[in-house]
Amino acid sequence: NPYQPNAIHSALFTVHKDRQGTLWLGSVGGLLRYRKETDDFENYNLPQTGRDQIDARRILQISDAGPHQLWIASHGQGLWHLDTQTGKSHQFRFDINNRQSLSSDEVFGTLSSRNGELWALTSSGLNRMKNPGDLKNTQFERFTVRNGFPYQQLRDIIEDNYGDLWLGSDQGIIHFNPSTLRSQIYSHSYGLPSGGYNTGAA
């Protein structure tokens, strides 16, 4: 029913079940939370008493940031942190006057590494959050083509057993060592299919 504000009205990009068992959906229209008690969805783009409004469209990824906490990657409105208990949120965006801000508002996904670092994939390179425990004073370290990173458009990320990162880009796969900051590119010449890798490919 298109007149029901708590129904799903747009295509979905991602589905995530948090540590508490709650189901979250990322869609073209924004962030949705499934409410089992009423068998419908709460639309976080709509204002509601008791929580912040997540004014973001095209939610590409949702991941756990800790108990009752989520990271929300959006295409165009940056990166969001949501405390699902308090309803408080914090938005991280690109600031042209701040080189330690997020490198782009187009965020394709995040990874919380085993050593507690948060990595964010954007249309303008890889970002490492320097102090994820201090949301108000958070700074980002950027890895882009300007400082030697091979590609800008990064779509997916996983961490291997050695703590290295494997990144899917629009030109191939990048093996990145966060300790040495060295990277290796694997593309068509290494036997991989030609073309890029989409969000969620890993």
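Visitor: Among contacts between residues at least 6 apart in sequence, what share joins residues at least 24 apart?
Guide: In the protein that share is 41%, where a contact means heavy atoms within 4.5 Å.

Visitor: What kind of model is this?
Guide: This is a predicted model, in which local features need pLDDT of at least 70, side-chain atom pairs count only at pLDDT 80 or more, and totals for chains, interfaces and linings use all residues. Residues are numbered from 1 along each chain as its sequence is written, and side-chain values use heavy atoms, with hydrogens and water left out.

Visitor: How many helices and strands?
Guide: The protein has zero helices and 16 strands. Both are DSSP runs numbered from the N terminus: helices are H or I with at least four residues, strands are E with at least two.

Visitor: How much of the protein is buried?
Guide: Buried residues account for 42% of the 202 residues. Buried means under 20% relative accessible area, exposed over 50%, and partly exposed in between, with a 1.4 Å probe and protein chains only.

Visitor: Which strands does β2 pair with?
Guide: β2 pairs in the antiparallel sense with β1 (residues 12-17) over five bridges, and in the antiparallel sense with β3 (residues 30-35) over four bridges. Two strands pair if DSSP finds at least two bridges between them.

Visitor: What sits between the strands of each hairpin?
Guide: Five residues separate β1 and β2, and Gly 21 in that turn has a positive phi of about 90°. The β2 and β3 hairpin has two residues between its strands.

Visitor: Which residues stand opposite each other?
Guide: Lys 17 stands opposite Leu 23 in β2, and Trp 24 stands opposite Arg 33 in β3.

Visitor: New topic. Where does Thr 138 lie?
Guide: Thr 138 is in the loop between β11 (125-129) and β12 (140-143). Thr 138 counts as buried because its relative accessibility is 14%.

Visitor: Which backbone oxygens does its side chain reach?
Guide: The Thr 138 side chain reaches the backbone oxygen of Asp 134 at 2.7 Å and that of Asn 131 at 3.4 Å.

Visitor: What else is Thr 138 in contact with?
Guide: Leaving aside neighbours within four places in sequence, Thr 138 is in contact with Phe 92, Met 129 and Asn 131.

Visitor: And Asp 156, buried or exposed?
Guide: Buried, because its relative accessible area is 11%. Asp 156 lies in strand β13 (residues 154-159). Its C-alpha atom is separated by 7.2 Å from that of Phe 108, 48 residues apart along the chain.

Definitions and conventions
Polar contact = N/O pair within 3.5 Å; in protein donor to acceptor, adjacent residues only side chain to side chain.
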